[in-house]
Amino acid sequence: MNEKVKAKVKELLASGRIKGFWGLRTMQGNIGPFLFSSPDDLDELVVGDRERPGDTRYPLNKLLVNLARCYPEEVFGVLVRGCDERGLKTLYSWNQLNPEKVVPVGIACPQELAEACECLKPFPDEFVAGEKAEGSEFVSVANVESLSLESRLEHWLDQFAKCIKCYGCRDICPVCFCKECTLEKDDFIHTGDLPPENPIFHLTRAVHMAGRCIDCGLCNEACPADIPLRTLYKKVADIIDEEFHYRPGYGDPKEKSPLNILGEAPKH
Amino acid sequence: MDYRTVLTTCAYCGCGCGLYLEVLDGRVVNTIPCKTTPVNEGKLCVKGWNIHEFIHSPNRLTRPLIRKNGALTEASWEEALDYTAGRLWEIKEKHGSDSLAFLASAKVTNEENYLIQKFARAAVGTNNVDHCARL
Amino acid sequence: MTTKRIAVMKQLLAFTGIEQDRLQLEWVSAAEGPKFAQAITEFTNLIKALGPSRLKVAA
Amino acid sequence: MTNSIAELENADCILVIGSNTTSSHPLVATRIFRAKEKGARLVIADPRKIQLALKADLHVRQNLGTDVALLNGIMQVILANGWHNQAFVDERTEGFDAFRKVTEDYPPERVAEITGVKADDIRTMAEWYAKAQAASIVYCMGITQHTTGVDNVKALANLAMLTGQIGREATGVNPLRGQNNVQGACDMGALPNVYTGYQAVNIPDIQNKFQAAWNAKLSDKIGLTIPGILSGLVEGSVKALYVVGENPMMSDPDVNHVEKALRSAEFLVVQDIFLTPTAELAHVVLPGASFAEKDGTFSNTERRVQRVRKAIEPVGDARADWEIMQEVSTRFGYPMNFRSPAEIMDEIARLTPSYGGITYDRLDGEGLCWPCPNKDHPGTKFLHSGRFTRGLGLFHAIEYKPPAETIDEEYPLWLTTGRVHVHYHTGTMTRNSPSLHAEMPEGYLEVNPEDARRLGVRRGDEVRVVSRRGHIVVKAMPTDRVEPGVLFMPFHFVESCANILTNPAHDPIAKIPEYKVCAVRLEKAA
């Protein structure tokens, strides 16, 4: 997998098509995000499969957005899995990135990872490495729905009570790009409390994920309290799909989120 | 455009979380938790996530200061270092090694703490070295 | 937009264990006093029927 | 810590005492949450209803400063029921009989009277902890910042030895070190009685080793601790103080006394990254570099030595602290010529048995936990496996002693202090961080709603807190996180500086001040 990606990136860098490539690199015995700018650096490029497939993924799109803001004229390449590609498309549709300035290099995730992520589409439209795996249903959502109303509340309150308010779910999120964040507004959610107002803090974030969350799961991995945030946002994505036939990042990037435009009324 | 990610260790509490500092054109602009460091495995607390913010604070000290006529006044390194070493030497000569004392720091590196106590012990000749381990 | 948000919010509430009837949306103009009174009365009755929120009990 | 952070998640009973882990050591809390998820029993002993208490199987709220009584009570129950690990006691420890004798005087009913913890809860704690396969104790400054701090720690060690809950995976007595490199500063000999690696200054062989290595005549006289330095300044026996990266003007108890001491200094040097209240009093202020501007290592609370890497040049004319120290030393007449922190670490390794195998090229990846005596040693995950440092573990017979200051008619309320999740220590870094500052821009005082009502105080009202040392004004926050009669405030805020109030009375051995208990009265501010 690494070699095919390296070859592609080498070609892109050598041709001068891209200024740099956002990928992952083994550095000082750890794996982290890295902006490759020379074909010579590519020896240590990795795709983020350390012990298990996809166990060292980083929000490369987010880093790309931040850099593109400072250098809007430059073209960058970026390593994308299925989720990352959904992220790019969503960022295009919210006008946070210019698609003409981005060259994605795709990889397909193996079945094991697709199932662990419960990913509907574990591959980008185009990819240079890996094989198409089957999409997987949202089992975690169904598990919560099998509980009584009372047990659901108990479950979530119990999970949210662990929140240490690191804002990591937001800070790692590739589609959280707002300049001002409701989560920080004392009028809505009292600042300074630990845990933050339960369940208001997390429900507020969940609502803001509607029409945006691309189900990459990085929030879940960044959560110091192991709160199953991904399950919560998967449900939000299901609701949006059911009401408006829209899933962020699956369709044409020109298509706007139903919560970004007036459009048609919801079904329910 | 000079962009780098630098792996380092958080400087807040004693957990010792690994994180990448994003450096753009000489400024630290962001923090990303490292996925493979053993303590934090890709997670951080709110302090860690924002650790880049104080680095470029306008309140940082950027020049040596010497008290002149009662007020702290900017000075060159040459002047400040000579003055510091000179005054410490005078006090040692006049009042003895144990009239000097040193507070090392739980914030600076091991190597720096080592040099502070080495200076106190080997150069000045006192064991009056402590730090806020108790606080 | 509000209609859309409320539709999403109601289902999210259900998923997290809160009765979705606790959230209602009505459009009432400043000129429609009786309609407003009626909406509030109905909502109050609905909430009373649901009883105290378990959220409150939990806190 | 005797054990590593990650091991905690495999414990099946965790006793957290005197640690607000989610605020002060959030990534340790992660492991506690995981242990709980896996079915561990979580027991919290803390006067405040801290966040972890929401997840606890049992939360007991002992009266301030009564930890020894509580722990003795737990051990009395264990002994009375024969739940202790006799084999471990026989093989690995000494001093058991004297310890047992004292402990027998602490039946749960008596302990309940002292601590305010129900006798049945004491029995439950004893049973869960003693009968666990692997039980771990996590503690922090709530245990140590007392006039009986050392007694408290010894009582915890007694409990772990009595039940054999030490020297194995996921057990142990685990202090959480408050500052990123407080472990390292101790390891590096920034203490008045030891060189690096806890090698005593008054043992001739060790003194000779360092004299030879450093080519200098060294003193074998144990130096002064911070309280000794401060009183030395006031009395005039200490003339000069060189402070690197510390802020005693906020962090030390009885700040008014600290200020007097620092103002008495004939020469005060402060090396820091911000103009702290301490630096404002200095004769010379030297601008140091932040962690992002230099290379080096920090040693975390589990003894893990990890790399700090230079990301940018020091801001303005600031310089790395190791470079400043070398310059001062060289100009003082003792040349230091290290070319890099890596070279300094090589010298540390040569002189320090526990760091003997540590070099920069080995610190990539996960770092190394000391003891790491040689280049082939993989480091040490948990201590005391098979043998304690001193050979046999020593039981201490410890009697309960009340705090140095207790409430009376004039000062009828207890005050305790601590940290909050968004701020750190004296706030020098966090309050210069816009996101953190916005989350909590000012200090506050937690007061039980009952006490608040009696005083007619509502959320946000300004109140005056008065102790025997001084007074401050702060906004009140009525909350049941504290019980009636108890107040809590964070100590990060210079405008409402908690350490104007705190009691400098300190532990006779560790010299740690009693930050966690003092007596105050509360008044509505004008």
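## Which chains touch

Chain C and chain D do not touch, and their nearest C-alpha atoms are 11 Å apart; here two residues count as being in contact if their C-beta atoms, placed from the backbone, lie within 7 Å. No contact joins chain B and chain C either, with their closest C-alpha atoms 25 Å apart. Among the 4 pairs of chains that touch, chains B and D have the most contacts.

A quick note before going on: this is a predicted model, in which local features need pLDDT of at least 70, side-chain atom pairs count only at pLDDT 80 or more, and totals for chains, interfaces and linings use all residues. Residues are numbered from 1 along each chain as its sequence is written, while chains are lettered from A and ligands numbered from 1 in the order in which they are written.

## The B–D interface

Let's look at that pair. The contact takes 88 residues from chain B and 115 residues from chain D. On the side of chain B that touches chain D, the largest share, 13 residues, comes from helix α3 (residues 110–124) of chain B. Helices (H or I, at least four residues) and strands (E, at least two) are DSSP runs, numbered from the N terminus. By class, this side of chain B has 47 nonpolar, 25 polar and 16 charged residues. Ala, Val, Leu, Ile, Met, Phe, Trp, Tyr, Cys and Pro count as nonpolar, Asp, Glu, Lys and Arg as charged, and the others, Gly among them, as polar.

Strands also link these two chains. Strand β6 (residues 100–103) of chain B runs parallel to strand β7 (residues 240–244) of chain D, joined by 4 bridges; two strands pair if DSSP finds at least two bridges between them. A101(B) has L241(D) as its bridge partner in β7(D).

## A helix pair across the interface

Helix α2 (residues 77–95) of chain B packs against helix α15 (residues 321–332) of chain D at an angle of about 55°, with their axes 9 Å apart. That angle makes α2(B) oblique to α15(D). Axes are lines fitted to C-alpha atoms, for helices over the stretch in contact, and angles run from 0 to 180 degrees between N-to-C directions. Angles under 35 degrees count as roughly parallel, over 145 as roughly antiparallel, 65 to 115 as roughly perpendicular and the rest as oblique.

The crossing of α2(B) and α15(D) is right-handed. A crossing is left-handed if the near helix is turned anticlockwise from the far one by less than a right angle, and right-handed if clockwise. From α2(B), L81(B), D82(B), T84(B), A85(B), L88(B) and W89(B) meet E327(D), V328(D), R331(D) and F332(D) of α15(D). This contact of α2(B) with α15(D) has 6 nonpolar, 1 polar and 3 charged residues.

## A helix pair within chain D

Inside chain D, helix α3 (residues 67–81) and helix α6 (residues 108–115) have axes that come within 9 Å and cross at roughly 165°. α3(D) and α6(D) are therefore roughly antiparallel to each other, and their crossing is left-handed.

In α3(D), A69(D), L70(D), N72(D), G73(D) and V77(D) meet P108(D), V111(D), I114(D) and T115(D) in α6(D). The contact of α3(D) with α6(D) has 6 nonpolar, 3 polar and no charged residues.

## Domains

Domain bounds come from an automatic or database domain assignment. For chain B they give domain 1 (3–54), domain 2 (61–95) and domain 3 (96–135). The C-alpha centres of domain 2 and domain 3 of chain B lie 18 Å apart.
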